[in-house]
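User: I would like a close look at a single part of this protein, followed by how the rest is arranged around it. Please keep it plain.

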Amino acid sequence: LLNQIQVQELVAEGGISGDIGPLATSWLGVPLWVNEAVIGLVVVQSYDASFTYTAADQELLSFAALQIANSIFRRRATSALHEVNAQLEQRVEARTGQLREQIERREEMQRELKHQVMHDQLTGLPNRGNLRSRLDQALDALQGAPARRCALLYLDVDRFKIVNDSLGHLAGDEVLKEVSRRLLTCVREPDMVARLSGDEFAILLDRVDTAETATQVAARVLGAVNAPLHVAGEDMSPSASIGIALGDCTYLAADDLLRDADVALYRAKRLGRNRFEVFDETLAREVVDVLGMEGALRHALAHDEFEPYFQPLRRLSDGELVGFEALLRWAHPQRGMLLPHQFLRIAEDCGLIEGIDWRMFEMSCRAMAGFDRDDVFLTINVSALHLGRPDFAERLLALLSRTGLASHRLIIEVTEGSLLGDPEQVRRMLHGLRELGIGAALDDFGTGYSSLSYLHSLPLSLLKIDRAFVQALGEGEHHNSTTVVAAIIALASALNMQVIAEGIETQAEHDALLAMGSTLGQGYLLGRPAPLAHWLQSSAA
């Protein structure tokens with residue numbers, strides 16, 4: 001609360017600066033207080049000398065200043081709140097945008113990851129897991145529609161391993177990608193083409209009216225796959241084998257339909273490839289038989305139900321015994337004596353054949369060691385599986401040591417097909433066996449991939465003429481067979497090998513072979529396969 005004199009004193013002291021204009025006769029100023037802080041002033045001035053402000057005016061203005069300060073504070077607080085809210089909204093919106101982008105990226109990554117998990121990386125086709133999911137959906141739809149059908153085509157590219165081995169895996173991948181493209185041209189929505197693994201594909205036909213619909217698609221697939229293909233500088237015409245299983249309401253799981261299609265595929269491959277087969281009740285019974293046979297084979301191996309039969313090899317000129325071929329037999333407790341063709345394929349498929357062979361080798365060599373004639377040799381049939389084992393010669397030598405059979409009395413028989421896998425490995429193996437005194441014979445000569453390029457370089461002591469040529473000698477017109485057999489005999493003589501003619505069943509065949517210069521033979525005319533005890537008795541008699 002100032003009068004004019006006090007104002008002038010403040011101006012003189014410098015307490016008031018700037019252009020103050022005309023001096024008021026009386027001045028009253030009250031601070032605006034908010035929370036112990038001054039945020040401004042409220043001032044009134046009088047220029048009338050007859051009027052001056054008093055303490056009562058000061059009290060009144062102080063009250064007004066309090067209201068003004070509170071009002072200003074509220075307005076400032078509201079404005080600040082609005083600004084904070086606006087800034088918060090902006091930050092929330094910005095953060096929401098960032099989160100939305102992150103969610104979209106994450107969803108995109110999840111979609112991409114799901115696609116990778118459910119699709120084959122090489123071809124981009126759905127994979128096995130994706131197919132199983134679709135199969136489950138298709139089979140669920142069939143449960144409420146007994147008349148509805150679906151079909152699964154299980155496809156395998158024939159001899160694909162040869163493409164990989166000869167042209168390389170990159171060329172093999174190109175073949176698989178081209179096959180997948182061709183398969184896609186054979187179907188329409190909502191059918192599915194999937195790659196299961198390696199060279200195996202599947203086609204799900206979501207709805208078919210009859211089996212003929214599925215077989216028509218299979219025929220179209222075979223034609224598409226067979227179209228010429230140029231890859232890695234080579235022209236080729238790939239082929240495929242297809243197994244077809246028709247799904248209906250009796251199928252409850254995808255694996256059941258896959259299993260049946262796979263069984264049909266196996267039959268297609270067994271019957272010659274480049275064809276399709278439909279799963280039926282006959283195949284279903286075969287599957288059950290195979291499962292039972294596998295169990296029985298394991299039991300037979302564990303309980304020594306296999307035994308060797310011996311078929312004599314004789315000199316054609318006088319019938320003198322020179323050796324035996326050991327042949328596998330299974331003394332089945334319920335079905336009697338079984339021949340190899342009744343169980344050998346199943347033994348190969350379930351991985352028991354190697355164990356059966358070694359048991360057969362040991363029993364045969366042990367039996368022959370007890371045969372009283374040291375000049376009689378034994379031949380055993382050895383598959384490509386054994387020839388590919390680096391320790392085969394070592395195991396065979398240990399077996400001879402255990403059984404007591406002299407190495408010069410053993411000859412292993414190999415087929416022409418077994419020489420194709422790794423000719424150099426087979427050649428080294430046969431040379432190693434020859435150094436140990438073990439001979440080698442080439443079985444079924446003339447029926448496989450006969451090649452003079454390997455025949456002259458292998459250490460073979462015997463050539464066995466297949467019985468297909470021998471049987472033709474007993475027929476009326478056998479000029480071609482005579483020429484072939486005569487050529488084989490001449491070839492063997494030039495390579496210093498003996499010839500054994502297989503499958504001699506008639507005297508006419510015997511006489512024709514003897515006349516052409518064949519020295520050794522085997523067949524029903526010369527003796528049927530029998531346990532060695534039978535031949536021991538015959539020898540004693």
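In what sense do β5 and strand β6 pair, and over how many bridges?

Analyst: This is a predicted model, and what follows should be read as a description of that model. β5 and strand β6 (residues 200-205) pair in the antiparallel sense, and five bridges join them. Within this pair, R195 stands opposite F201 of β6.

Beyond residues up to four places away in sequence, V193 touches L125, P126, L183, L184, V187, A202 and I203. As for V484, it lies 291 residues from V193 along the chain, and the C-alpha atoms of the two are separated by 50 Å.

The axes of α3 (residues 128-143) and α7 (residues 254-270) come within 8 Å and cross at roughly 110 degrees. Angles of 65 to 115 degrees count as roughly perpendicular, and α3 and α7 are therefore roughly perpendicular to each other. On the α3 side, the contact is made by R128, L131, R132, L135, D136 and L139, and on the α7 side by A254, D255, L257 and L258. By type, the residues of this contact divide into six nonpolar, no polar and four charged.

A second open sheet has three strands, in the order β1-β2-β3, and its pairing is antiparallel. Its edge strands are β1 (2-3) and β3 (37-46), each of which pairs on one side only. β1 and strand β2 (residues 26-34) run antiparallel and are joined by two bridges; here L2 stands opposite W27 of β2. β2 and β3 also pair in the antiparallel sense, over nine bridges, and G29 stands opposite V43 of β3. The hairpin of β2 and β3 has two residues between the strands, and N35 takes a positive phi near 55 degrees there. Helix α2 (residues 55-118) lies across β2 and β3, at about 40 degrees to β2.

Parallel pairing is found around β17. Strand β16 (residues 439-445) and β17 pair in the parallel sense over three bridges, with L463 of β17 as the bridge partner of L442. β17 and strand β18 (residues 498-501) likewise pair in the parallel sense, over four bridges, and I500 of β18 is the bridge partner of K464. In a regular strand the side chains alternate between the two faces of the sheet. Both faces of β17 (residues 462-465) are covered. L462 and K464 on one side, and L463 and I465 on the other, are all buried.

The largest has 70 residues, and L297, F324, L378 and I412 touch the most other members. Helix α10 (residues 353-369) gives the most to this core, with eight residues. A second, separate core has 32 residues, including F160, L176, V221 and L229.

Definitions and conventions. Residues are numbered from 1 along each chain as its sequence is written. This is a predicted model: local features need pLDDT of at least 70, side-chain atom pairs count only at pLDDT 80 or more; totals for chains, interfaces and linings use all residues. Side-chain values use heavy atoms; hydrogens and water are left out. Axes are lines fitted to C-alpha atoms, for helices over the stretch in contact, and angles run from 0 to 180 degrees between N-to-C directions. Angles under 35 degrees count as roughly parallel, over 145 as roughly antiparallel, 65 to 115 as roughly perpendicular and the rest as oblique. Contact means heavy atoms within 4.5 Å. Ala, Val, Leu, Ile, Met, Phe, Trp, Tyr, Cys and Pro count as nonpolar, Asp, Glu, Lys and Arg as charged, and the others, Gly among them, as polar. A nonpolar core is a set of buried Ala, Val, Leu, Ile, Met, Phe, Trp, Tyr and Cys residues joined through side-chain atoms within 4.5 Å. Buried means under 20% relative accessible area, exposed over 50%, partly exposed in between (1.4 Å probe, protein chains only). Two strands pair if DSSP finds at least two bridges between them.
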